Structures are given as C-alpha cells and as structure tokens.
Amino acid sequence: MNHPDSPASNDTLAWSDAFLLGHGPMDTVHEEFVDIVGRLQRADNAALPALMDELVRHLKAHFEMEDKWMLETDFPPRGCHMDEHAAVLASVEEVRAEMEQGDPAICRDLVEHLAAWFPGHADHLDSALAHWMSKLRFGGKPVVLRRDLPLR
Ligand SMILES: [Fe+2]
Ligand SMILES: [Fe+2]
C-alpha cells in the first residue's frame, strides 16, 4: 500500500524471480536495489531524505561492484554499461542535493524513473555481464531456476 503522500500509482517495484540473472552476488545486490526503490515509492515525504541517502550508498556499492567485474574480466561492451551507471548515479546525487530545497516532487519523479529503468538495465546490460562471467567461469550461460514462472 502506498502512503497518502506518495504517488497514486499502486505498482511499486517488487522483487520477483523474474529478476534473477543466475549470478549470486549480482542477484543479491539487485534484490537490495528493488527493496530500496519499493520503500521509496511507499514512503511518506518525511522519510525520503534518509531513504535517498541509503539509495546513494547502495548505488555507489552496486555500480562499483559491477564496474570492477567488467574491468577484471575485460567485458567487451563495458563502456556503455559503465557510462549508464555513472549517469544514473549523477542524477540520483543531483536530486538528493536539490531535495534540500524541500520539494519532494523531484524525488518522486526520479524514483518512478528508476523503477521504470531497472528492469531494462538488468535485462540487457546486467544479464549480459552475468552471462559473460558465468561463461568465463563455467564455459556456459547460467541456468536460472525461477520459482514463479511456468515451466516450458
Ligand atoms: Fe546491476
Ligand atoms: Fe549494471
């Protein structure tokens, strides 16, 4: 349930096995991201600044970890993936600083954009990295068992 101060939409970001990419540490950090964004979507205005600080801390660690994996494994398309991380972190830090003026609307807007951005980023860029690392390690794509998806 959304807080009365939060946007009218009820579709907050929530974790599901559909987000699993088969790389344990990456899946763990993604679950943490989804949790923070979901809490931001449901939070009242007073809780936003502390949650935004948590989001900045999370994103720094999350992106640093993936960037490090890309550099260590010489992931070929790392340039655009690392650029996207830097751009997202810059936007989040900018909004966090602007919130000091007291207007929660820019934060709400950013959070909705992040919720819409994440599935595509995970699907295209992060999953390619997960496959790349798994291929280097095991010689194949990871086998992902998702509990809530029908078997084909
Ligand atoms: Fe990621
Ligand atoms: Fe990423």
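Modeller: In this predicted model, helix H1 (residues 24–42) packs against H4 at an angle of about 170°, and their axes are 10 Å apart.

Biologist: What makes H1 roughly antiparallel to H4?

Modeller: The angle is about 170°, and angles over 145 degrees count as roughly antiparallel; H1 is therefore roughly antiparallel to H4.

Biologist: Which residues of H1 and H4 make the contact?

Modeller: H1 contributes Met 26, His 30, Phe 33, Val 37, Leu 40 and Gln 41. From H4 come Val 111, Leu 114, Ala 115, Phe 118, Ala 122, Asp 126 and Ala 130. By class, the residues of this contact of H1 with H4 are 10 nonpolar, 2 polar and 1 charged.

Biologist: Why are H3 and H4 called roughly antiparallel?

Modeller: Helix H3 (residues 78–98) and helix H4 (residues 105–138) pack at about 165°, with axes 11 Å apart. The cut-off for roughly antiparallel is over 145 degrees, so the term applies to H3 and H4. The crossing of H3 past H4 is left-handed. On the H3 side the contact involves His 81, Glu 84, Ser 91, Val 92, Val 95 and Glu 98; on the H4 side, Ile 106, Cys 107, Leu 110, His 121, Leu 125 and Leu 129.

Biologist: How do the residues of the contact of H3 with H4 divide?

Modeller: Into 7 nonpolar, 3 polar and 2 charged.

Biologist: What pattern does the protein chain follow along the sequence?

Modeller: The pattern is α-α-α-α, with 4 helices and 0 strands in the chain. Of the 152 residues, 23% are buried.

Note on methods. Residues numbered from 1 in each chain as written. Chains lettered and ligands numbered in written order. Predicted model: local features only at pLDDT ≥ 70, side-chain atom pairs only at ≥ 80, totals over all residues. Axes fitted to C-alpha atoms, helices over the stretch in contact; angles between N-to-C directions. Helix = DSSP H or I, 4+ residues; strand = E, 2+ residues; numbered from the N terminus. Parallel < 35°, antiparallel > 145°, perpendicular 65-115°, else oblique. Left-handed = near helix turned anticlockwise from the far one by under 90°. Contact = placed C-beta atoms within 7 Å. Nonpolar A, V, L, I, M, F, W, Y, C, P; charged D, E, K, R; others polar. Buried ≥ 20, exposed ≤ 12 C-beta atoms within 10 Å, placed from the backbone.
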